[in-house]
Amino acid sequence: MQPTRNSPLPRDERAKGLSELASYRFPSRDSDSLLDEILDLATKIFDVPAALALVDQHVRWSSARKGFETSETSCDLSFCARTLASGQTFTVLDAAVDHRFQANELVTGKPFIRFYAGAPLITSKGHVLGTLCIMDQKPRPAFSFEDQETLHSLARLAMDRLELERLSEIRRSALCLNRSSPDAILHISDEGQITYANRSARAIFGYSKHELLDGSIDRLLPASLQRRMAAVVRKFQRADTEFLSFKPIEAIGLHKTGRELPIEFSAGIWSSNGSFCMGVIVRDITERRQREASFEMLFDRNPIPMWIFDAKNLNFLAINDAGCSLYGYTRQQVLTMNALEMRPEAERASIRSTIIGFGESYISEKPGTHLTASGGELRVLTFARRLRHAGRDCVVVANIDVTKSEQAQNELASTQIFLNAVVESIPSMVFVKEASDGKFVLLNKAGEQLLGTSRHDLIGKSDLDLFNQEDAERFREADKAVVASGKLVTIENEPLATSSGIRSLRTQKIGVPDAFGNPRYLLGISEDVTERLKVEQRNRHLSLHDILTDLPNRHSFQTALKHQLAEPRPFALIMIDLDRFKAVNDTLGHQAGDGLLRQLSAKLLTVIGNNDMLARLGGDEFGLIHREGVVTKESAKCLSEKIMSAVAQPFLIEGHSVTIGCSVGIAIRPDHGTTNDLLIKRADLALYAAKMSGSGEIRFYEAAMEAKADRDSLLRSELNSALNLKQFHLQFQPIVDAVSKEVVCCEALLRWDHPELGSIAPAEFIPSAETSGAIGPIGQWVLEEACLQAAAWPRGIKVAVNLSPRQFSGFGLAAGVAKALAASGLSPDRLELEITESVFLADSEDNIKLLNDLKQLGVRIALDDFGTGYSSLAYLRKFSFDKLKIDRSFISDVAESPENLAIVRAVIGLGRSFSAVVTAEGVEDQRQHDCLAGEGCDQLQGYLYGKPVSSDNLICLLGDDGKTSRPQHFCSTAAIISREIMQ
C-alpha cells in the first residue's frame with residue numbers, strides 16, 4: 001500500500017535546514033555517534049528505543065539509533081516532519097488509530113511504529129536540523145507535559161553538543177591557517193611578551209618555540225621600530241576604538257644569530273579585558289631586496305644611458321654612469337633636476353602629456369631632441385616602462401643615441417632584454433593579450449606559477465582554452481570594456497580558478513594602441529591577494545567580535561544601537577550581569593570561567609529572537625537589543641525571564657556542575673530615552689537597582705533611579721569636605737546587662753547634618769564613602785572622637801565602634817587604633833571594635849592576622865550581625881571573638897517564632913562554648929527582654945533601653961554609677977534614626 005505523501009514541512013524551511021546542516025560535523029552512518037550518551041539517556045528515561053533524525057536532501061535517516069535497526073525514510077513519510085514543522089514536541093500516542101498515520105508504511109510494516117514522540121533540534125539561528133525522537137511498537141495511554149519537557153531538554157542538550165563540535169572545528173581551521181602561513185604571525189601582550197608564534201615566525205627569526213614564547217618582542221625588532229610600535233600603542237590608548245591597524249612598513253628584523261634581515265612589518269591592536277593585545281605579521285623580504293639589488297646592479301652597469309624619475313612630479317631619482325657620460329652632467333647635478341629640463345622648452349608641455357598618458361611601456365616612434373649639459377642637442381630614441389622604485393611609482397627610461405642606426409638597433413635590443421628581465425622579476429602576474437581576439441602574447445614567471453601552466457603552453461591561446469566557459473566569457477567581456485575605455489581599470493577581488501583552488505586577484509588592465517591609435521594589446525598586472533584578504537577579513541571579524549565567545553563586542557553593540565535609534569520602531573535595551581560568576585573563576589580557575597562564558601553565550605543565542613542582538617560587553621556583562629516582533633514592556637520582561645531561566649540551568653564545566661544566575665536591567669525606547677548614551681545609562685541604572693535588590697532580579701528603569709544616582713554623585717562630591725567643615729557628629733546608644741539592666745557599653749553612631757540636604761541617613765552616605773575612598777579619614781575620625789568622648793564616661797562603661805570592611809586592611813588600621821587610644825587616654829579594654837562577616841570574603845588569613853594585632857593592643861573584637869552574612873563557623877575556630885551580636889532580624893518576633901528562638905539559643909550556646917559575650921540587638925518590648933534574659937543572653941541593646949543620644953546627654957542620664965532605672969529617658973532625648981552604620 002502506498003501512503004499519501006503530504007509532508008507538513010515547508011520547502012523553504014527544509015532548504016534552511018539543509019544549508020545549516022552543512023556547517024556541522026556529523027558522524028557517518030556507519031561510525032559511532034557523538035550523541036550515543038544522550039540517546040542512551042533517552043532510552044533509559046522513557047524505556048523505549050531512541051534515535052536522532054537528521055534532515056537530508058532526499059531522505060530522513062536516523063543516526064545513533066538505540067533499540068532498532070538503522071533505516072532511511074522519505075521526509076514525506078517521516079513522523080519527524082510534523083515535529084520540524086511545529087518547532088515543538090510532537091506526540092502520537094497510537095499511530096494505528098491516528099488518521100494521519102494509520103496508513104503509513106512505517107506503521108503497517110517494519111518497524112511497526114505505534115507510539116512516537118519527537119523534539120526538534122534547533123540551531124542558534126533558529127533553523128531546524130532534525131529531531132530527537134523516541135518510538136515504540138506498543139501504544140501509550142499518555143505522554144505528560146513533564147515527559148515532553150524532558151524530551152525537549154534532551155534535544156537542546158544534543159544541539160549544544162553539536163554546536164560545541166562545530167565551534168571546535170572553526171578553531172582548528174583558524175589554527176591551521178596560522179600554522180600554514182608563510183608569514184610570521186605573533187600575538188603580543190600589553191607587556192610586550194610574545195604569547196603565540198607560528199612555525200614561520202620560528203623559521204624566519206631562528207628561534208625555537210620554547211625560546212620565543214613568553215619572551216620579549218624586543219629581541220626581534222630594532223629600537224627604532226620599537227619606538228614606532230610604542231607610538232601606535234599610545235595612539236590606540238588615546239583613541240576611542242576597539243581596534244587599530246599598523247600599516248605595512250619595510251624595516252629590519254633581528255635574527256637569533258645577530259644577523260639583520262629585511263622585513264615587511266604590519267600589526268593590529270585590539271582591546272582585551274581592560275587592556276590590549278597586539279597581533280604582528282612579519283614577511284621576510286630578503287628575496288625582494290635581492291631582486292631590487294639585481295635591478296640596481298643592472299641599472300648602474302648597463303652601457304645604455306638610463307635614468308629613473310618620479311611618475312608624479314617628474315623629478316629625477318637616479319641616473320647611471322652611461323647617462324652621465326652621454327649628457328655631460330654629474331650624478332649630483334641630475335638628482336636636483338626635473339626630467340623636462342632634458343628637453344627643449346617648446347616641447348615640454350607635450351612631453352609631460354605623453355609621460356602622463358602612456359600605459360605600462362612606451363617606445364618613441366621617432367627620435368626626439370635632448371639637451372646636454374653644455375647646451376648641445378642629441379637625437380635620442382627612448383624606451384620607457386613604469387615600475388615601483390624606492391616605494392614610489394616611477395618611470396625607467398633607456399635613452400639611445402641614434403647617430404649611428406646600427407648602434408641604435410643594438411642598444412634598443414639590449415634595452416628590450418633588460419626591461420624583459422625587469423618584467424620577469426616582478427612578483428605579480430604580468431600578461432599581454434591581443435586586443436582583437438584575446439590571445440596571450442606575453443606571460444611572466446609569476447604568471448606561470450599562479451596559473452599552474454607554462455607560458456609556452458599558453459602563448460597563442462585565449463581564455464576559452466584555459467578556463468571554463470562562464471569564467472572565460474566574463475574575462476573576455478571585461479577585456480573588451482577596458483580596451484574600449486582607453487583608461488587604466490582596477491578590478492578588486494577578482495576570483496580565478498587555479499590548480500591550487502580559487503584565488504582572489506587584484507588586477508589592473510589597460511589597452512595599448514598601435515602606432516595609428518587603434519587597439520592592439522591589453523596589458524594586465526594581477527596580484528594574488530587571497531591570503532591578505534583572509535587576514536583582513538579575520539582582523540575585521542576580530543575587531544567587531546569578542547574573541548572568547550565570538551559574540552559582537554562593545555563597539556559592534558554601540559554601532560548597532562545607533563543604527564537602531566535611526567529607525568522609528570520601539571525596542572528594548574537589556575543589560576545582563578552574571579551573579580556568582582567570580583566564584584567560578586576563584587574556585588575552578590579562569591579557564592573554567594572562559595568555558596562557562598562560551599557555553600552560556602551559545603545557550604542565550606537559542607533563547608533570543610532571530611532579530612535580537614546579543615553582545616558581550618566585557619567580563620561577565622552582556623547587552624541585548626530586543627527588537628524581535630512588536631516590542632513592549634511585557635515582551636521585554638518575558639524575554640528576560642527566559643534568559644534568567646537559561647542562565648540558571650546547570651552547566652557542566654570540566655567535570656563540575658556549575659550553577660550561576662543573573663540580574664537584568666531594562667530601558668525601553670522611546671519611553672526611557674531616544675539617544676544612545678541616555679538609554680545605556682538608564683539600562684545600567686536599572687541593572688544596578690536589580691543587583692542591589694538581590695540576585696535574580698529584573699528591573700525596568702524608573703525616574704527615581706536616576707534621581708538616586710544623581711544624589712549619590714552629589715554625596716560623593718560633598719563627603720570629602722564634610723569632615724573638614726565639621727558636619728559630622730556622634731551619638732551613642734546604650735547596651736545593658738540582661739540581668740541588672742546596668743549600662744555596660746554604648747555604641748557610637750555617626751550622624752551627618754548637611755547644611756542644605758538636612759540629616760542624611762548613614763545607610764545612604766556610608767556606601768558612597770566606601771566607594772569614593774573617603775571612608776578612611778572618616779573612619780579614623782570616628783575612632784578618635786568616640787575614644788575621646790568615652791574617656792569622660794564612668795570607667796565601667798565601654799564604647800563600641802563599627803569598622804567598615806574598606807578600613808579593614810593591613811595598612812594603618814592597627815596604627816590608627818593605637819593613635820586614637822593614646823590621644824584620648826582611654827584604656828584599651830574599654831574599646832570594642834565591631835566588624836561584620838563580609839570582612840572574611842577576601843584575604844581571610846591576612847584579616848585574621850590583623851585581628852590578632854588589634855587584640856594585642858588590648859581592645860575587644862565583636863562579630864556584628866552574626867548569622868546574616870557569608871561567614872563559616874570555621875572563623876570562630878580561627879579567631880577568638882570577645883562578643884557575638886545577634887542581628888535584630890532574629891529578635892523582632894523571638895517571643896512568638898520557634899524558629900527564631902531556636903537560632904537565638906544556638907548563638908547563645910556558641911557564645912558560651914567560645915567564651916564570648918552574646919548581645920541581642922533590636923530589643924523593643926518587655927516580652928523580648930524577658931525571653932532573651934531567660935535564655936541566658938548576656939547583653940541587650942534596643943529602644944527599650946534607650947535611643948541614640950549625644951555624649952553630654954548620655955553622661956547626664958548615666959549618673960556616677962552608670963545605672964539607668966528609667967530607660968525611657970534615652971528615648972525622649974534622641975530622635976528615631978536608622979540602624980547602625982558601617983555594616
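# Ring pairs and salt bridges in a predicted model

In this predicted model, Phe879 is buried, and Phe881 is buried as well.

User: How are the rings of Phe879 and Phe881 arranged: stacked or edge-to-face?
Analyst: The two rings form an aromatic pair, 4.9 Å centre to centre. Their planes stand at 80°. Planes over 60 degrees apart take one label, so the pair is edge-to-face.

User: How many aromatic pairs does a search of the whole structure find?
Analyst: The search covers the whole structure. The number of aromatic pairs found is 16.

User: Why is the pair of Phe732 and Trp793 edge-to-face, and what is the angle between the planes?
Analyst: The ring centres are 4.9 Å apart. Edge-to-face requires planes over 60 degrees apart. The pair qualifies because its planes lie at 90°.

User: How many residues apart are Phe732 and Trp793?
Analyst: Phe732 belongs to strand 30. Trp793 is in the loop between helix 25 and strand 33. Both residues are buried. The pair links distant parts of the chain, and the separation is 61 residues.

User: Which ring does the charged end of Lys603 sit over?
Analyst: The charged end of Lys603 lies 4.4 Å from the centre of the ring. That ring belongs to Phe651.

User: Are Glu921 and Lys885 buried or exposed?
Analyst: Their side chains meet in a salt bridge, 3.4 Å from N to O. Glu921 lies in the loop between strand 37 and helix 30, while Lys885 is in strand 36. Both residues are buried.

User: How many residues apart in sequence are the parts tied together by Glu896 and Arg927?
Analyst: The side chains meet in a salt bridge at 2.8 Å, N to O. Glu896 lies in the loop between strand 36 and helix 29, and Arg927 lies in helix 30. The parts tied together are therefore 31 residues apart.

Key
Residues numbered from 1 in each chain as written. Predicted model: local features only at pLDDT ≥ 70, side-chain atom pairs only at ≥ 80, totals over all residues. Heavy atoms only, no water. Phe/Tyr/Trp six-rings, centres within 6.5 Å; stacked < 30°, edge-to-face > 60°. Helix = DSSP H or I, 4+ residues; strand = E, 2+ residues; numbered from the N terminus. Buried < 20%, exposed > 50% of the residue type's maximum accessible area, 1.4 Å probe, protein only. Lys NZ or Arg CZ within 6 Å of the ring centre and 35° of its normal. Salt bridge = Lys/Arg side-chain N within 4 Å of Asp/Glu carboxyl O.
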